[in-house]
Amino acid sequence: MRSYWIWLLFLMATWMCAWLSMPIEEAMMPWRLAVIAAFFACYFLAALLRKHPYGLTAMLIAASLLSTVGLWKEQSGEQALYLLLIYSLLAGKAIDQLPSLYASIVGAVLAGNLLVLGWKGYPAYPTMFAVLYVGMLAAGLAVYHIVKTKMKELEQRNDVLLSEYRRMKRRIATDEEVARQEERTQIARDIHDSVGHKLTALLMQLEVFRLQNTDSQLTPRVNELKELAKESLKETRSAVKSLKQQETGGLTAILNMIRRLEAEQFMRVNFTVKHGALSAPLHAAQSFAVYRAVQEALTNLMKHSEAREATITFEAPGGGIFRFEVTNRLKSKVVVREGFGLRTMRERMEEVGGSLEVIAYPDSFIIRGVIPILKERGGIE
């Protein structure tokens with residue numbers, strides 16, 4: 001898009017200089033003003049036909065003929081040089097945006113215009129000058145086309161290598177996750193088979209001791225030991241269950257996700273954790289909701305945003321709420337439409353008692369979530 005405005009700026013400046021160099025009575029001729037307007041109409045239409053070689057070729061040829069007609073009669077050498085600049089800009093646009101065959105057609109028309117002007121005895125364009133100019137311009141544009149073709153080939157090779165690199169990263173990450181999960185499962189099995197069985201045996205022996213004991217003073221103490229053993233067995237089973245389950249929430253999972261996106265998708269993520277966020281007592285469902293919300297926000301960024309940069313902020317102001325914010329810088333304003341992903345994210349936050357806010361500014365897109373922190377009551381019940 002930037003190149004389009006650069007081309008347009010040069011063309012407007014060239015036409016303005018050529019127009020101002022004419023006598024006022026010639027510059028203000030209605031037909032000349034109509035030709036200039038038609039030239040820029042062709043240029044604007046050419047921008048809409050960039051993916052259609054036939055239409056773009058026709059528009060550039062029409063623009064070249066209109067420029068010749070508009071600056072043909074009673075021109076001075078200065079005006080002829082402006083026409084030469086217009087031809088050069090049209091030739092550059094053709095070689096930059098058209099395949100070789102179509103660019104050659106436009107170049108042939110421009111060269112024909114120059115040769116005709118020289119053949120007609122146009123003072124500023126002797127035939128030899130036109131031939132030399134066409135030859136040098138063609139050589140320069142040919143070199144540019146060769147370099148551009150090589151760059152495209154290098155980009156294609158880079159895309160292939162990048163795709164292979166990402167596939168290897170995904171495979172390595174998957175293998176690491178499988179190995180980690182197998183290790184956790186093995187640890188859980190060892191704890192279950194050793195500590196769990198021994199605690200169960202301890203409970204049985206305490207029960208036997210209680211039944212065989214005739215001293216009433218020892219009974220409360222035995223009951224306390226039984227309760228302690230039961231709690232230990234319950235905690236052990238809970239730990240075994242947690243080890244067998246795959247981690248899908250919490251700060252560790254979010255950091256792993258950010259690291260994976262930076263490595264595979266070449267994203268730049270600025271992650272800030274403010275005071276109190278790390279120690280916020282979120283339960284499992286809330287941690288999972290935060291993880292999924294951040295994941296969906298970054299996924300939307302990759303799909304719909306031109307920028308590859310995001311800012312994530314976690315904070316717990318006052319210790320009463322946990323707040324996260326994902327900000328994406330925008331190059332142009334977007335229209336927010338709440339699709340399935342945002343709707344699911346909002347519903348998941350509401351299920352854990354929180355809320356979700358989606359804000360679109362002209363230069364940024366923000367997803368902000370708030371979750372209340374339910375502090376556990378202290379003391380022994």
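**View 1. Strand 1 and strand 2 run parallel, joined by 6 bridges.** Strand 2 spans residues 309-315. The model shown here and in the views that follow is predicted.

**View 2. Five strands make an open sheet in the order 1-2-3-5-4.** The pairing in this sheet is mixed. Its edges are strand 1 (268-273) and strand 4, each of which pairs on one side only. On average, neighbouring strands are turned by 10° against each other, direction ignored. Helix 11, residues 340-351, packs on the sheet. Helix 11 touches strand 3 (321-329), strand 4 and strand 5. The direction of helix 11 makes about 145° with that of strand 4.

**View 3. Strand 4 and strand 5 form a hairpin.** Between the two strands lie 3 residues. Strand 4 covers residues 355-360, and strand 5 covers residues 364-372. Their pairing is antiparallel, over 6 bridges. Ser 355 has its bridge partner in strand 5: Val 370. Strand 4 is also an edge strand of the sheet.

**View 4. Helix 3 packs against helix 4 at an angle of about 160°.** Helix 3 runs over residues 30-48 and helix 4 over residues 53-70. Their axes are 9 Å apart. Angles over 145 degrees count as roughly antiparallel, and the two helices are therefore roughly antiparallel to each other. Helix 3 passes helix 4 in a left-handed crossing.

**View 5. Trp 15 and Phe 39 form a tilted aromatic pair.** A search of the whole structure finds 7 aromatic pairs. In the pair shown, Trp 15 and Phe 39 are 5.1 Å apart centre to centre, with 55° between the planes. The pair links distant parts of the chain, 24 residues apart. Trp 15 lies in helix 1 (residues 2-20), and Phe 39 lies in helix 3.

Note on methods:
Residues are numbered from 1 along each chain as its sequence is written. This is a predicted model: local features need pLDDT of at least 70, side-chain atom pairs count only at pLDDT 80 or more; totals for chains, interfaces and linings use all residues. Side-chain values use heavy atoms; hydrogens and water are left out. Two strands pair if DSSP finds at least two bridges between them. Helices (H or I, at least four residues) and strands (E, at least two) are DSSP runs, numbered from the N terminus. Axes are lines fitted to C-alpha atoms, for helices over the stretch in contact, and angles run from 0 to 180 degrees between N-to-C directions. Angles under 35 degrees count as roughly parallel, over 145 as roughly antiparallel, 65 to 115 as roughly perpendicular and the rest as oblique. A crossing is left-handed if the near helix is turned anticlockwise from the far one by less than a right angle, and right-handed if clockwise. Rings of Phe, Tyr and Trp (its six-membered ring) pair if their centres lie within 6.5 Å; planes under 30 degrees apart count as stacked, over 60 as edge-to-face and the rest as tilted. Contact means heavy atoms within 4.5 Å.
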